[in-house]
Amino acid sequence: MAQRTKVVVTRQLIDEAQRLLDTNTDLEIVQWHSSNPCDRSWLLEHAKGATGVLVMLSDKVDEELLQAAGAQLKVIASFSVGTDHVDREALKKRNIRLGYTPTCLTDAVADLTVMLILMAQRRAGESMGKVLAGEWPQMPWHPLLMTGPQISRSTVGFLGFGRIGQATLKRLLPFGISRAIYLTSKPGEPVQEDHFGIIKEAAIPIEPAKNWEQLASESDIVVVGCALTPSTKHLVSTEFFSKMKKRAVIVNIARGPIIDTNALVEALAQEKIFGAGLDVIENEPNISADHPLLKQPRCVLVPHIGSATIETREQMATESVKNLLAGLKDEAMVNEVEL
Ligand SMILES: O=CC(=O)O
(Lines give C-alpha, C1' and ligand atoms only; values in the text may rest on other atoms or scores of the structure.)
Protein backbone atom coordinates (compact mmCIF):
# COMPACT_ATOMS: atom_id res chain seq x y z
CA MET A 1 0.00 0.00 0.00
CA ALA A 2 1.29 3.48 -0.93
CA GLN A 3 2.42 5.55 2.00
CA ARG A 4 0.03 8.36 2.84
CA THR A 5 1.23 11.96 2.81
CA LYS A 6 1.70 13.14 6.37
CA VAL A 7 0.47 16.53 7.59
CA VAL A 8 0.76 17.95 11.08
CA VAL A 9 -1.86 20.38 12.41
CA THR A 10 -1.09 22.17 15.65
CA ARG A 11 -4.62 22.86 16.86
CA GLN A 12 -8.15 21.51 16.84
CA LEU A 13 -9.88 23.40 14.01
CA ILE A 14 -13.33 24.94 13.85
CA ASP A 15 -15.98 22.55 12.44
CA GLU A 16 -16.08 23.36 8.73
CA ALA A 17 -12.30 23.57 8.44
CA GLN A 18 -11.85 20.35 10.37
CA ARG A 19 -14.33 18.62 8.05
CA LEU A 20 -12.53 19.98 4.99
CA LEU A 21 -9.26 18.58 6.32
CA ASP A 22 -10.77 15.24 7.33
CA THR A 23 -12.28 14.61 3.87
CA ASN A 24 -8.73 14.08 2.62
CA THR A 25 -8.58 10.41 3.47
CA ASP A 26 -5.39 10.06 1.47
CA LEU A 27 -3.60 12.08 4.14
CA GLU A 28 -2.12 10.89 7.40
CA ILE A 29 -3.31 13.70 9.66
CA VAL A 30 -1.43 14.07 12.90
CA GLN A 31 -3.14 16.71 14.98
CA TRP A 32 -2.80 18.41 18.35
CA HIS A 33 -6.45 18.03 19.33
CA SER A 34 -6.73 20.87 21.77
CA SER A 35 -7.59 24.53 21.75
CA ASN A 36 -4.48 25.18 23.85
CA PRO A 37 -1.06 25.80 22.26
CA CYS A 38 0.72 22.76 21.00
CA ASP A 39 3.71 21.50 23.03
CA ARG A 40 6.96 22.27 21.25
CA SER A 41 8.33 18.82 22.03
CA TRP A 42 5.19 17.19 20.59
CA LEU A 43 5.55 19.25 17.41
CA LEU A 44 9.25 18.45 16.97
CA GLU A 45 8.57 14.77 17.49
CA HIS A 46 5.57 14.54 15.17
CA ALA A 47 6.88 16.82 12.40
CA LYS A 48 9.26 14.05 11.33
CA GLY A 49 8.28 12.93 7.84
CA ALA A 50 5.59 15.60 7.37
CA THR A 51 4.98 17.12 3.94
CA GLY A 52 2.84 19.93 5.30
CA VAL A 53 2.41 21.64 8.67
CA LEU A 54 -0.48 23.91 9.64
CA VAL A 55 0.65 26.20 12.45
CA MET A 56 -0.69 28.94 14.70
CA LEU A 57 1.18 32.17 15.42
CA SER A 58 2.35 30.68 18.72
CA ASP A 59 4.29 27.92 16.93
CA LYS A 60 7.82 28.88 15.94
CA VAL A 61 8.77 27.69 12.48
CA ASP A 62 12.56 27.72 12.56
CA GLU A 63 15.60 25.67 11.56
CA GLU A 64 14.97 23.29 14.44
CA LEU A 65 11.46 22.47 13.25
CA LEU A 66 12.42 22.24 9.59
CA GLN A 67 15.27 19.90 10.37
CA ALA A 68 13.03 17.80 12.60
CA ALA A 69 10.53 17.54 9.74
CA GLY A 70 13.01 16.54 7.06
CA ALA A 71 13.69 17.27 3.41
CA GLN A 72 10.23 16.22 2.14
CA LEU A 73 8.52 19.21 3.81
CA LYS A 74 6.76 21.30 1.12
CA VAL A 75 4.37 23.65 2.83
CA ILE A 76 3.74 25.63 5.98
CA ALA A 77 0.23 27.05 6.33
CA SER A 78 -0.03 29.69 9.02
CA PHE A 79 -3.34 30.53 10.66
CA SER A 80 -2.39 34.24 10.86
CA VAL A 81 -1.66 37.40 8.93
CA GLY A 82 1.62 38.01 10.78
CA THR A 83 4.48 35.69 9.90
CA ASP A 84 7.17 36.87 12.31
CA HIS A 85 7.04 33.41 13.97
CA VAL A 86 8.32 31.93 10.71
CA ASP A 87 11.95 31.98 9.58
CA ARG A 88 11.28 32.95 5.97
CA GLU A 89 14.89 32.62 4.90
CA ALA A 90 15.02 29.06 6.16
CA LEU A 91 11.89 28.27 4.16
CA LYS A 92 13.16 29.99 1.05
CA LYS A 93 16.41 28.10 0.93
CA ARG A 94 14.49 24.81 1.10
CA ASN A 95 11.80 25.89 -1.42
CA ILE A 96 9.09 25.45 1.17
CA ARG A 97 5.94 27.46 0.43
CA LEU A 98 4.25 29.60 3.07
CA GLY A 99 0.50 30.20 3.17
CA TYR A 100 -1.15 32.79 5.44
CA THR A 101 -4.50 34.51 5.97
CA PRO A 102 -4.06 38.25 5.39
CA THR A 103 -7.38 39.16 3.79
CA CYS A 104 -10.19 37.51 5.73
CA LEU A 105 -9.32 39.12 9.06
CA THR A 106 -9.06 42.73 7.92
CA ASP A 107 -12.56 43.82 8.99
CA ALA A 108 -12.39 42.15 12.39
CA VAL A 109 -9.00 43.69 13.24
CA ALA A 110 -9.97 47.13 11.93
CA ASP A 111 -13.14 47.02 14.07
CA LEU A 112 -11.06 46.21 17.14
CA THR A 113 -8.64 49.00 16.30
CA VAL A 114 -11.47 51.54 16.34
CA MET A 115 -12.70 50.05 19.61
CA LEU A 116 -9.26 50.46 21.20
CA ILE A 117 -8.90 54.03 19.94
CA LEU A 118 -12.22 54.99 21.50
CA MET A 119 -11.52 53.05 24.69
CA ALA A 120 -8.15 54.76 25.09
CA GLN A 121 -9.48 58.24 24.35
CA ARG A 122 -12.66 57.90 26.41
CA ARG A 123 -11.01 56.14 29.34
CA ALA A 124 -13.25 53.09 29.06
CA GLY A 125 -10.98 50.74 31.01
CA GLU A 126 -10.48 53.20 33.82
CA SER A 127 -14.18 54.08 33.97
CA MET A 128 -15.36 50.48 34.01
CA GLY A 129 -12.69 49.61 36.57
CA LYS A 130 -14.10 52.20 38.95
CA VAL A 131 -17.69 51.06 38.46
CA LEU A 132 -16.72 47.41 38.96
CA ALA A 133 -14.80 48.33 42.11
CA GLY A 134 -17.94 49.96 43.54
CA GLU A 135 -16.40 53.44 43.36
CA TRP A 136 -19.15 55.17 41.35
CA PRO A 137 -20.89 56.51 44.49
CA GLN A 138 -17.66 58.37 45.36
CA MET A 139 -17.47 60.00 41.94
CA PRO A 140 -20.83 61.56 41.09
CA TRP A 141 -21.30 63.23 37.70
CA HIS A 142 -19.33 66.40 37.24
CA PRO A 143 -18.29 68.32 34.12
CA LEU A 144 -14.75 66.98 34.04
CA LEU A 145 -15.47 63.43 35.16
CA MET A 146 -13.53 60.98 32.97
CA THR A 147 -13.04 63.47 30.18
CA GLY A 148 -10.75 62.48 27.33
CA PRO A 149 -9.79 63.71 23.87
CA GLN A 150 -12.40 63.68 21.12
CA ILE A 151 -11.94 61.64 17.97
CA SER A 152 -13.35 64.21 15.50
CA ARG A 153 -10.80 66.61 14.03
CA SER A 154 -7.93 64.26 14.97
CA THR A 155 -4.86 63.60 12.89
CA VAL A 156 -4.39 59.84 12.76
CA GLY A 157 -0.90 58.45 12.21
CA PHE A 158 -0.52 54.93 10.87
CA LEU A 159 2.73 53.06 11.49
CA GLY A 160 2.31 50.59 8.66
CA PHE A 161 -0.49 51.26 6.19
CA GLY A 162 -1.56 47.99 4.64
CA ARG A 163 -5.03 46.48 4.51
CA ILE A 164 -5.74 46.76 8.23
CA GLY A 165 -4.52 50.36 8.47
CA GLN A 166 -6.53 51.37 5.43
CA ALA A 167 -9.66 49.54 6.66
CA THR A 168 -9.26 51.35 9.99
CA LEU A 169 -8.99 54.68 8.19
CA LYS A 170 -12.15 53.88 6.24
CA ARG A 171 -13.99 53.37 9.53
CA LEU A 172 -12.54 56.55 11.02
CA LEU A 173 -13.55 58.87 8.17
CA PRO A 174 -17.22 59.09 9.27
CA PHE A 175 -16.03 60.08 12.76
CA GLY A 176 -14.83 63.35 11.24
CA ILE A 177 -11.07 62.96 11.55
CA SER A 178 -9.27 65.76 9.78
CA ARG A 179 -6.09 64.18 8.43
CA ALA A 180 -4.20 60.91 8.14
CA ILE A 181 -0.47 60.35 7.80
CA TYR A 182 1.33 57.09 7.40
CA LEU A 183 4.80 55.63 7.59
CA THR A 184 5.75 52.53 5.65
CA SER A 185 9.09 50.91 4.83
CA LYS A 186 9.40 53.59 2.13
CA PRO A 187 9.12 56.84 4.12
CA GLY A 188 7.77 59.81 2.22
CA GLU A 189 6.51 57.66 -0.65
CA PRO A 190 2.82 57.16 -1.39
CA VAL A 191 1.56 53.62 -0.75
CA GLN A 192 1.23 51.49 -3.84
CA GLU A 193 -2.03 49.78 -3.00
CA ASP A 194 -5.24 51.64 -2.25
CA HIS A 195 -7.00 48.53 -0.97
CA PHE A 196 -10.47 50.01 -0.56
CA GLY A 197 -10.32 52.97 -2.93
CA ILE A 198 -10.37 55.47 -0.07
CA ILE A 199 -6.95 57.04 -0.40
CA LYS A 200 -7.80 58.75 -3.66
CA GLU A 201 -11.38 59.52 -2.77
CA ALA A 202 -11.32 60.67 0.86
CA ALA A 203 -12.15 64.30 1.48
CA ILE A 204 -9.27 64.71 3.95
CA PRO A 205 -5.52 64.79 3.30
CA ILE A 206 -3.88 61.35 3.52
CA GLU A 207 -0.13 61.79 3.28
CA PRO A 208 3.06 59.79 3.69
CA ALA A 209 5.17 60.88 6.67
CA LYS A 210 8.85 61.57 6.07
CA ASN A 211 9.92 59.76 9.21
CA TRP A 212 8.68 58.45 12.56
CA GLU A 213 9.50 61.74 14.24
CA GLN A 214 6.96 63.54 12.04
CA LEU A 215 4.36 60.86 12.59
CA ALA A 216 4.86 60.88 16.37
CA SER A 217 4.74 64.64 16.71
CA GLU A 218 1.77 65.35 14.42
CA SER A 219 -0.62 62.54 15.38
CA ASP A 220 -3.44 62.68 17.90
CA ILE A 221 -3.91 58.95 17.45
CA VAL A 222 -1.07 56.59 16.54
CA VAL A 223 -2.09 53.21 15.15
CA VAL A 224 0.66 50.59 15.18
CA GLY A 225 -0.15 48.18 12.37
CA CYS A 226 3.18 47.28 10.79
CA ALA A 227 4.87 43.89 10.63
CA LEU A 228 7.40 43.01 13.33
CA THR A 229 10.86 42.97 11.75
CA PRO A 230 14.33 43.79 13.11
CA SER A 231 13.79 47.40 12.00
CA THR A 232 10.38 47.83 13.65
CA LYS A 233 11.32 46.19 16.97
CA HIS A 234 11.06 48.96 19.62
CA LEU A 235 10.39 51.52 16.89
CA VAL A 236 8.08 53.04 19.48
CA SER A 237 10.62 53.97 22.14
CA THR A 238 11.20 56.59 24.82
CA GLU A 239 12.25 59.00 22.03
CA PHE A 240 9.05 58.29 20.11
CA PHE A 241 6.90 58.97 23.17
CA SER A 242 8.83 62.15 23.92
CA LYS A 243 7.75 63.50 20.51
CA MET A 244 4.07 62.58 20.95
CA LYS A 245 1.41 65.08 21.99
CA LYS A 246 0.32 64.95 25.62
CA ARG A 247 -3.26 64.35 24.52
CA ALA A 248 -2.41 61.65 22.00
CA VAL A 249 -3.22 57.96 22.33
CA ILE A 250 -1.41 54.99 20.88
CA VAL A 251 -3.01 51.73 19.78
CA ASN A 252 -1.13 48.53 18.94
CA ILE A 253 -2.92 45.82 16.99
CA ALA A 254 0.22 44.41 15.34
CA ARG A 255 2.90 42.79 17.49
CA GLY A 256 3.93 43.59 21.06
CA PRO A 257 7.68 44.12 20.56
CA ILE A 258 7.12 47.08 18.20
CA ILE A 259 6.47 49.11 21.36
CA ASP A 260 9.10 49.16 24.11
CA THR A 261 6.87 48.29 27.07
CA ASN A 262 9.08 49.99 29.68
CA ALA A 263 9.02 53.17 27.61
CA LEU A 264 5.22 52.95 27.38
CA VAL A 265 4.83 52.50 31.13
CA GLU A 266 7.05 55.53 31.69
CA ALA A 267 5.20 57.63 29.09
CA LEU A 268 1.85 56.84 30.74
CA ALA A 269 3.14 57.31 34.28
CA GLN A 270 4.71 60.67 33.40
CA GLU A 271 1.66 61.69 31.34
CA LYS A 272 3.72 62.20 28.21
CA ILE A 273 0.76 60.69 26.33
CA PHE A 274 -2.92 60.43 27.19
CA GLY A 275 -3.51 56.72 26.91
CA ALA A 276 -2.92 53.41 25.17
CA GLY A 277 -5.08 50.66 23.72
CA LEU A 278 -3.27 47.37 23.20
CA ASP A 279 -4.25 44.07 21.67
CA VAL A 280 -0.68 42.80 21.92
CA ILE A 281 2.28 43.22 24.25
CA GLU A 282 5.85 42.00 24.51
CA ASN A 283 6.15 38.52 26.03
CA GLU A 284 2.41 37.84 25.79
CA PRO A 285 0.63 35.95 27.18
CA ASN A 286 2.92 35.98 30.21
CA ILE A 287 1.65 39.16 31.81
CA SER A 288 1.16 38.81 35.54
CA ALA A 289 -1.43 40.82 37.43
CA ASP A 290 1.33 42.93 39.01
CA HIS A 291 2.84 43.99 35.67
CA PRO A 292 3.54 47.75 35.88
CA LEU A 293 1.52 48.37 32.71
CA LEU A 294 -1.60 47.03 34.38
CA LYS A 295 -1.17 49.63 37.11
CA GLN A 296 -1.59 52.38 34.51
CA PRO A 297 -5.27 53.37 34.53
CA ARG A 298 -5.08 54.88 31.04
CA CYS A 299 -3.96 51.63 29.45
CA VAL A 300 -6.49 49.22 27.98
CA LEU A 301 -5.07 45.78 27.25
CA VAL A 302 -6.99 42.92 25.64
CA PRO A 303 -5.52 39.45 25.05
CA HIS A 304 -4.67 39.42 21.31
CA ILE A 305 -8.25 39.16 20.12
CA GLY A 306 -7.97 41.34 16.99
CA SER A 307 -9.33 38.75 14.58
CA ALA A 308 -11.51 37.01 17.14
CA THR A 309 -14.94 37.19 15.56
CA ILE A 310 -16.65 33.86 15.03
CA GLU A 311 -16.95 34.48 11.30
CA THR A 312 -13.32 35.51 10.83
CA ARG A 313 -11.87 32.65 12.83
CA GLU A 314 -13.97 30.22 10.77
CA GLN A 315 -12.65 31.76 7.58
CA MET A 316 -9.05 31.77 8.81
CA ALA A 317 -9.31 28.08 9.66
CA THR A 318 -10.82 27.16 6.31
CA GLU A 319 -8.31 29.27 4.41
CA SER A 320 -5.41 27.73 6.30
CA VAL A 321 -6.59 24.24 5.39
CA LYS A 322 -7.02 25.29 1.75
CA ASN A 323 -3.49 26.72 1.73
CA LEU A 324 -2.13 23.52 3.23
CA LEU A 325 -3.89 21.34 0.64
CA ALA A 326 -2.86 23.63 -2.23
CA GLY A 327 0.76 23.45 -1.08
CA LEU A 328 0.64 19.66 -1.04
CA LYS A 329 -0.79 19.56 -4.56
CA ASP A 330 1.43 22.33 -6.01
CA GLU A 331 -1.65 24.44 -6.65
CA ALA A 332 -2.37 28.15 -6.09
CA MET A 333 -3.01 29.07 -2.46
CA VAL A 334 -5.71 31.48 -1.30
CA ASN A 335 -2.86 33.67 -0.02
CA GLU A 336 0.83 32.87 -0.23
CA VAL A 337 3.78 34.81 1.13
CA GLU A 338 6.31 35.71 -1.51
CA LEU A 339 9.56 34.48 0.01
O1 LIG B 1 -2.11 38.56 15.13
C2 LIG B 1 -2.79 37.86 14.46
C3 LIG B 1 -2.41 37.35 13.19
O4 LIG B 1 -1.25 37.52 12.79
O5 LIG B 1 -3.25 36.73 12.54
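## Aromatic cluster

F161 counts as buried because its relative accessibility is 4%, where buried means under 20% relative accessible area, exposed over 50% and partly exposed in between, with a 1.4 Å probe and protein chains only. The model is a predicted one, in which local features need pLDDT of at least 70 and side-chain atom pairs count only at pLDDT 80 or more, whereas totals for chains, interfaces and linings use all residues. Residues are numbered from 1 along each chain as its sequence is written, and side-chain values use heavy atoms, with hydrogens and water left out.

The rings of F161 and Y182 are stacked, since their centres are 4.6 Å apart and their planes stand at 15°; rings of Phe, Tyr and Trp (its six-membered ring) pair if their centres lie within 6.5 Å, and planes under 30 degrees apart count as stacked, over 60 as edge-to-face and the rest as tilted. This pair links distant parts of the chain, 21 residues apart, with F161 in the loop between strand 6 (155-159) and helix 7 (163-172) and Y182 in strand 7 (residues 179-183); helices (H or I, at least four residues) and strands (E, at least two) are DSSP runs, numbered from the N terminus. Both F161 and Y182 are buried.

The count of aromatic pairs comes to 5. For F158 and F161 the ring centres are 5.1 Å apart and the planes are at 40°, so this pair is tilted. F158 has 0% relative accessibility and therefore counts as buried, and ring pairs link F158, F161 and Y182 into a cluster.

## Charge over a ring

R298 lies over the face of F274, at 4.1 Å from the ring centre, where a charge sits over a ring if NZ of Lys or CZ of Arg is within 6 Å of the ring centre and within 35 degrees of the ring normal.

## Loops and backbone

S154, in the loop between helix 6 (124-132) and strand 6, is buried with a relative accessible area of 2%, and its side chain reaches the backbone oxygen of I151 at 2.6 Å. R123 is placed in the loop between helix 5 (106-121) and helix 6 and counts as buried at 13% relative accessibility.

Phi of R123 is near 60°, a positive value in a residue other than glycine, and phi of E271, likewise a residue other than glycine, is positive at a value near 55°. E271 lies in the loop between helix 11 (261-269) and strand 11 and counts as exposed at 51% relative accessibility. The peptide bond from E284 to P285 is cis, with omega near 5°, and P285 is found in the loop between strand 11 (275-278) and strand 12 (299-301).

Definitions and conventions
A polar contact is a pair of N or O atoms within 3.5 Å; within protein, one must be able to donate a hydrogen and the other to accept it, and residues adjacent in sequence count only if both atoms are side-chain atoms.
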